[in-house]
Amino acid sequence: MRAVVLTTYGGPERLSVSEIPEPAAPDPDGVLIRTAAAAVNPVDLQTRAGLHAGHSACHPPMVLGWDLAGTVTAVGGAVTGFRVGDRVVAMSAQMATGRGTYAEVVALPADIVAHAPASVPRTVAAGLPLAGLTARQALGLLALPEGSSVLVTGAVGSVGGLAVQLARLRGLTVVAQVRSARDEDHARALGADRVVDAAHLPVAGVDGLLETAGLPEAIGAVRDGGRVVTVVPRRVPAAERGVHVAVSHVEQDGRGLSELSALVDAGELRLRAAREFGFEEAAEAHRRLAAGGVRGKLLLLP
Ligand SMILES: NC(=O)c1ccc[n+]([C@@H]2O[C@H](COP(=O)([O-])OP(=O)(O)OC[C@H]3O[C@@H](n4cnc5c(N)ncnc54)[C@H](OP(=O)(O)O)[C@@H]3O)[C@@H](O)[C@H]2O)c1
């Protein structure tokens, strides 16, 4: 089968399409999925550059990719929740497991797979798993009671955009931080109650902060004794004024992903696709994400 293979650590030019062996059969508790699309995420760029080289499964040559949307083509004997032909999505923690999704066929444990939302195109669904689970788990860790206020930084990014929508569904008042006035309408369309840029953050004015943009100084917006969760481990805000600070690392979770998928079908969670690339254009997709300013997911199609 064809896959986008990282030959050695380095720039986007190290990505190339190769023929690699197709998984022959699923494990008893696993499924085989024929890929409709994989999404490109910042972690893929970091892994490509060698920033996660300490992880046990990071050994080029390897296949990158965490996000997957596709169709089940084979089911292990112990699997009850899926049948051949089901449309599914999954988040595979590639750097920890070595199971990359930039491939025509991907073998995964069934418990990290969920039925895809039926209301969006097959490819667009690939934008849900990593960003959706990250936003959901970070909001869970933030644990703000209904009626609280939360500042979401990077609010029109992949994680931030889904976090704004999920925060509203949790009954939170959302202040959205965006890079420029150009993004204000976008943030409001996602459900933000108020939109600010980095120069106009509320001073000690919100109960919690969900930090996705690498802006540790945004902790200044949180009231004394409030709560911060960041998903950017390299830029963790220093705790101050009794504010509790935690880092959230996304975990594989098929059940949580099913709930997110159901929210998409209920019209409560909106997915945004920016552009589709073929596997052979993977390097260009990586360059495009690195350049910034992308609004919506970049999708890789076999
Ligand atoms: N801990 C975890 O488990 C986990 C999981 C997923 C992602 N992450 C990390 O979370 C971060 C966000 O991921 P993502 O997928 O949401 O990336 P993304 O789609 O690229 O979104 C990041 C957003 O932050 C914005 N941003 C950056 N600097 C900003 C600034 N100074 N002011 C306002 N906005 C700014 C970007 O705007 P521009 O496009 O204009 O630059 C972009 O909209 C990445 O660092 C990623 O590695 C961590």
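**Ligand contacts**

Analyst: This is a predicted model. To start with the ligand, one of its nitrogen atoms is 3.0 Å from a polar backbone atom of Val-231.

User: What lies 2.8 Å from an oxygen atom of the ligand?

Analyst: A backbone N or O atom of Val-159 does.

User: And which residue has a polar side-chain atom 2.9 Å from an oxygen atom of the ligand?

Analyst: That is Arg-295.

User: How much of the ligand's accessible area does the protein cover?

Analyst: On its own the ligand has 920 Å² of accessible area, and the protein covers 83% of that.

User: How many residues surround the ligand, and which are the closest?

Analyst: There are 23 residues around the ligand. The closest are Val-159, Arg-179, Ser-248, Val-250 and Gly-293.

User: Switching to helices. At what angle do the axes of helix 3 and helix 6 cross?

Analyst: Roughly 100 degrees, and the two axes come within 10 Å. Helix 3 covers residues 129–142 and helix 6 covers residues 254–265. The angle means that helix 3 is roughly perpendicular to helix 6.

User: Which residues meet there?

Analyst: From helix 3, Pro-129, Gly-132, Leu-133 and Arg-136. They meet Gly-256, Leu-257, Glu-259 and Leu-260 of helix 6.

User: Now the backbone. Where is the cis peptide bond with omega of about 0 degrees?

Analyst: It joins Pro-60 and Pro-61. Pro-61 sits in the loop between helix 1 (42–49) and strand 4 (62–63).

User: What about Ala-143, is its phi positive or negative?

Analyst: Positive: the phi of Ala-143 is near 50 degrees, in a residue other than glycine. Ala-143 belongs to the loop between helix 3 and strand 9 (149–152).

User: Why point those two out?

Analyst: Because most peptide bonds are trans, and most residues other than glycine have a negative phi.

Note on methods. Residues numbered from 1 in each chain as written. Predicted model: local features only at pLDDT ≥ 70, side-chain atom pairs only at ≥ 80, totals over all residues. Heavy atoms only, no water. Axes fitted to C-alpha atoms, helices over the stretch in contact; angles between N-to-C directions. Helix = DSSP H or I, 4+ residues; strand = E, 2+ residues; numbered from the N terminus. Parallel < 35°, antiparallel > 145°, perpendicular 65-115°, else oblique. Contact = heavy atoms within 4.5 Å. Near = heavy atom within 4 Å. Polar contact = N/O pair within 3.5 Å; in protein donor to acceptor, adjacent residues only side chain to side chain. Areas by Shrake-Rupley, 256 points an atom, 1.4 Å probe, with all protein chains shown as cover.
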